[in-house]
Amino acid sequence: MNSRSTETPSGLRERTRAATPAELTGIPWLAVLEASQRGEATASIVVAEAEPGDLVCRIGRPATYWFGVIDGLLKMSNDSAHGAPVTFIGVPPGAWFGEGTLLKRECYRYNIEALRKSLVAGLPVNSFHRLLETSIPFNRYVLNQINERLGQFIAAREIDRLNDPDTRVARSLAALFHPVLYPGVGSLLRITQHELGYLVGLSRQRVNEALRALQAQQLIRIEYGGVRVLDLAGLQRRMPRAE
């Protein structure tokens with residue numbers, strides 16, 4: 001994949017436009033708002049197309065938007081210039097992220113990079129805080145996001161310690177199908193084996209072997225351009241093979 005790590009969030013911001021009605025229907029938290037609040041929020045939401053390698057968020061930059069993925073696939077990672085590169089999580093369609101950084105009005109402590117051409121939405125930080133101050137349902141939505149994400153990062157830490165590649169792929173796939181954090185995925189995730197390898201930290205060939213093993217166990221079905229989950233609970237329970 002060609003890296004475009006020199007691309008800045010400000011460069012992406014220059015390509016923003018207003019969201020279309022069809023794009024707004026894919027934003028889950030709009031449904032919890034009252035009509036007047038929803039109108040104000042939709043008027044302030046912008047979208048932009050991120051190219052592969054574009055950084056939506058960069059370590060050390062101030063948080064100016066609450067971001068969401070309308071279409072595509074992003075990854076959250078550390079700064080490889082200061083050590084071994086580590087991918088924390090994948091960010092599929094339906095995901096909204098960065099609320100913790102916005103709440104504390106901090107700078108980003110991670111990079112968010114587009115793995116493929118992706119459509120990213122942004123709610124300005126002032127609009128985000130105005131909703132927090134005026135909408136109890138929105139507060140509950142954000143609180144639930146933070147709670148679920150805490151569990152996600154604990155699970156990611158456990159996955160990092162697994163030596164069994166099949167289980168690493170199973171657990172990582174299960175995380176990408178999280179029904180609360182990623183409601184836009186459904187049962188079919190559009191992802192290549194190369195992209196999944198980026199997220200799991202395995203070669204494309206080893207990911208292919210793991211996917212075929214999970215398919216043989218009827219946990220998933222490999223489809224053209226993606227993976228369909230047949231048994232999400234089974235993926236979450238997948239245990240490492242005995243040595």
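Predicted model: local features only at pLDDT ≥ 70, side-chain atom pairs only at ≥ 80, totals over all residues.
Residues are numbered from 1 along each chain as its sequence is written, and side-chain values use heavy atoms, with hydrogens and water left out.

A word on names: helices (H or I, at least four residues) and strands (E, at least two) are DSSP runs, numbered from the N terminus. Two strands pair if DSSP finds at least two bridges between them.

Back to that opening pair. E3 is joined to strand E8 (residues 111-114) by two bridges, and the two run antiparallel. They belong to an open sheet of four strands, ordered E3-E8-E5-E6, with antiparallel pairing. Which strands sit at the edges? Those are strand E3 (55-57) and E6, each pairing on one side only. From one strand to the next, the twist averages 30°, where angles run from 0 to 180 degrees between N-to-C directions and axes are lines fitted to C-alpha atoms, for helices over the stretch in contact.

Now to helix H8, which lies across E5 and E6 and runs at about 140° to E6. Is H8 mostly covered or mostly open? Mostly covered: in H8 (residues 193-200), six of the eight residues are buried, meaning under 20% relative accessible area, while exposed is over 50% and partly exposed is in between (1.4 Å probe, protein chains only). The buried ones are Gln193, Glu195, Leu196, Gly197, Leu199 and Val200. What do they pack against? Their partners are strand E5 (74-77), strand E6 (87-91), helix H7 (165-176) and helix H9 (204-216), with contact meaning heavy atoms within 4.5 Å. Just after H8 comes Gly201, with a positive phi of about 85°.

Let me stay with H8 and H9 for a moment. Their axes come within 8 Å and cross at roughly 100°. That makes H8 roughly perpendicular to H9; on this scale, under 35 degrees is roughly parallel, over 145 roughly antiparallel, 65 to 115 roughly perpendicular and the rest oblique. On the H8 side the contact is made by Gln193, His194, Leu196 and Gly197, and on the H9 side by Arg204, Val207, Asn208 and Leu211. By class, the residues of this contact divide into three nonpolar, four polar and one charged. Here Ala, Val, Leu, Ile, Met, Phe, Trp, Tyr, Cys and Pro count as nonpolar, Asp, Glu, Lys and Arg as charged, and the others, Gly among them, as polar.

H9 also takes us to another sheet, as H9 lies across E11 and E12 and runs at about 125° to E11. This open sheet has three strands in the order E10-E12-E11, again with antiparallel pairing. Strand E10 (188-189) and strand E11 (220-223) are at the edges with a single partner strand each, so one side of each has no neighbour in the sheet. Four bridges link E11 with strand E12 (residues 226-229) in the antiparallel sense. Among the pairs, Ile222 has Val227 as its bridge partner in E12, and Glu223 stands opposite Gly226. The hairpin of E11 and E12 has two residues between the strands, and Gly225 takes a positive phi near 80° there.

So much for the sheets; on to the core. The largest nonpolar core has 68 residues, and Trp29 and Leu173 have the most contacts inside it. By nonpolar core I mean a set of buried Ala, Val, Leu, Ile, Met, Phe, Trp, Tyr and Cys residues joined through side-chain atoms within 4.5 Å. H7 gives the most to this core, with five residues. What does Leu173 touch? Not counting residues up to four places away in sequence, Leu173 touches Leu196, Leu211, Leu214, Ile220, Val227 and Leu235.

One last stop is strand E2. Four of the five residues of E2 (residues 46-50) are buried, so this strand is largely enclosed by the rest of the structure. E2 pairs with strand E9 (residues 118-124) over five bridges in the antiparallel sense, and Glu49 stands opposite Leu119 in E9. Strand E1 (residues 17-18) is joined to E2 by two bridges, also antiparallel, with Val46 of E2 as the bridge partner of Ala18.
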